Amino acid sequence: MTMPVRPETDRKIDDLKASFPYPGSALLPALHAIQEEKGFISTESMEYVAGKIGVAPAFVAGVVSFYTMFQQKPVGRHHIQICRTLPCALRGAAAIRDHLVRRLGIRVGETTPDGRFSLVEVECLGTCDTAPICQINDEEHGHLDAARVDALLESLR
Amino acid sequence: MAYEPLLLRNIAKPGSETIDISLASGGYQGLRRVLKELTPEKFLEEVKAAGLRGRGGAGFPTGMKWSFLPKTRDKPRYLCVNADESEPGTFKDRLLIERDPHLVLEGIILSCFAIESRRAFFYIRGEFHKGARIFARAVEEAYARGFLGKNILGSGYDLEVTIYRGAGAYICGEETALLESLEGKRGLPRIKPPFPAIVGLYGCPTIINNVETLANVTLIAERGAAWYAGIGRPPKNTGPKLYCVSGHVKRPGVYEAALGIPLMELINERAGGMLHADRPLKAVIPGGSSMRILPAAKCDVLMDFDSLVAAGSMLGSAGVVVMDQSTCMVGALLNLAGFYAHESCGQCTPCREGTGWFVKILTRLERGEGRAEDVDLLIDVASRVEGNTICPFGEAIAWPIDSYVKTFRAEFEAHVTRRGCPKGAAAFEVNAMSGTGH
Ligand SMILES: Cc1cc2nc3c(=O)[nH]c(=O)nc-3n(C[C@H](O)[C@H](O)[C@H](O)COP(=O)(O)O)c2cc1C
Ligand code: SF4
Ligand code: FES
């Protein structure tokens, strides 16, 4: 089988395995590393990592589907995760979501045809003091209103 | 007298996350003292005498938890730091991690010394990208200065700290789910007993503590148990506390006070009062989304563990969610039911099915399709979930359901008789993704 990841990622997974008292612990960090490289975790990647760590591919698939951050298909270049939970909802999260849906022309859970944006709703991001908020890829953007959303979308190519 | 911050003493300083700022404000002095002067048992006794109770949700006495470890030393012992912070309305640990990681890290080293552990895992929720980066740098700095690694400060004590990132699952904040996740598995809570102190990570004795709890350990090491035990409402509610205020207030944020600050002082003085002058307070969740709600009439309460239990709720994670008169309680509860339905791990039938039922019933009430018996049905289903599940997640949804319905019963009934939400609260609608479970 050809290796679905870069040699650096492969070596990183070896290092991870050696760094825990029990190699199984390396699975989550390995999946993070794969997703960082490829943007998502394919069936092929799951089989590969299962072989590396010494667990069944079905076990890896179970882990991947359990955690919401692991993507099983590609997402947009800018993956917009809008928080929907109560503290954000009290500060108008639903209106922000609706504004995003209108502006992007996609529904929640979809990606724009040019692959630039994807939009999902997520639960409390632990930043309710800046509600309403979204996370775009790794970064948070708080105190959202329609104007700020528009400016954000403009700045993201 | 104005309250002098202890946990947040550094956060306003530029570069507060660096070891130099930490050292300049007395950082790692407590560690020096303890390693030089005390044995692990002696320091454990100090933490007990300080009266420190866990800041992760249950308020369990920290020193007592540590003393549940087996007396034998035949297996390694682990400390797992709970930095999963996912309880809606909670954002205090994140502030400590990002702005004063060394206060937390020193507490980790001290706690590992007390429980005789040589390996700690820092389990941080996956969404905290920035926090994980900052904490990783803090750990590197501490290794470079000899506060971590072999023979710490010449004491002969060794410790390694490893950061472990979660990947998006609220349930991994539950301590045994956290252990499963750390072992590279799905985060399914374990049946207790055995308790983690006996059989924890990799089958070894393990202590799980919250980030803020560990930051408090640093303070105890710095200034002693007697000083610490004088803060707050001794003997059972001691020390400083971080309160997270969100919702309909002028200045949402993290506020530090001695345990037992009056809730109304927190809202009106610290958080700047209600967001809109013409919309008075309706209700407050005092301790994160899993806790029972307090109507405005019951908000003259002190924010400590025991006072909130007496008031019919709990301090929980100290996530104070403030709601004004514009809030629809059916909509608010539907929003939370959506959260719990999405986050249930699905192991126990009452939790998996119950959360689905709550969403279904509350959705039809909100849409004007509710039936008269739905109001009691909510209470009935909640009573079947509570106490019948593997982990306390069952209570975490049963308590809100039971308390919102009982406290605001007339509002729930009005949704039936008036065929929908009088406020038209579409803001709280549950999205398509909720209710899918894992
Ligand atoms: C569903 C659920 C979620 C939890 N989430 C967290 C969390 O995010 N952070 C935390 O510190 N404790 C959380 N806890 C509590 C932990 O199980 C554990 O009691 C706590 O980390 C112990 O730390 P402490 O003794 O220092 O408070 C959660 C509990 C449950 C039942
Ligand atoms: S109570 Fe819910 S979250 Fe906890 S173990 Fe059971 S199904 Fe999972
Ligand atoms: S509810 Fe949105 S960040 Fe907490």
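Predicted model: local features only at pLDDT ≥ 70, side-chain atom pairs only at ≥ 80, totals over all residues.
Residues are numbered from 1 along each chain as its sequence is written, chains are lettered from A and ligands numbered from 1 in the order in which they are written, and side-chain values use heavy atoms, with hydrogens and water left out.

**Entry 1: the sheet**

I looked up what counts as a strand: a DSSP run of E with at least two residues, numbered from the N terminus. Two strands pair if DSSP finds at least two bridges between them.

Strand S7 (residues 240–247) of chain B runs parallel to S11(B), with four bridges. I then followed the whole open sheet, which has five strands in the order S8-S7-S11-S9-S10 (chain B) and mixed pairing. S8 (253–258) and S10 of chain B are the edge strands with a single partner strand each, so one side of each has no neighbour in the sheet.

Next I checked S9(B), which pairs with strand S11 (residues 319–324) of chain B in the antiparallel sense over four bridges. Here B:Val284 has B:Val322 as its bridge partner in S11(B). S9(B) also runs antiparallel to strand S10 (residues 294–295) of chain B, joined by two bridges. On that side I found B:Ala283 opposite B:Pro295.

Is S9 of chain B enclosed or open? Five of the five residues of S9 (residues 281–285) are buried, so the strand is largely enclosed by the rest of the structure. Buried means under 20% relative accessible area (1.4 Å probe, protein chains only).

**Entry 2: B:Asn82**

I found B:Asn82 in strand S1 (residues 78–83) of chain B. B:Asn82 counts as buried because its relative accessibility is 13%. Its side chain reaches the backbone nitrogen of B:Asp84 at 3.2 Å. A polar atom of the B:Asn82 side chain also lies 2.8 Å from the backbone oxygen of B:Gly173.

**Entry 3: ligand 2**

Which residues are closest to ligand 2? They are B:Cys345, B:Cys348, B:Cys351, B:Thr389 and B:Cys391, out of 13 residues that surround the ligand (a heavy atom within 4 Å). I sorted the shell by class and got eight nonpolar, five polar and no charged residues. Nonpolar covers Ala, Val, Leu, Ile, Met, Phe, Trp, Tyr, Cys and Pro, charged covers Asp, Glu, Lys and Arg, and the others, Gly among them, are polar.

Key
Buried < 20%, exposed > 50% of the residue type's maximum accessible area, 1.4 Å probe, protein only. Polar contact = N/O pair within 3.5 Å; in protein donor to acceptor, adjacent residues only side chain to side chain.
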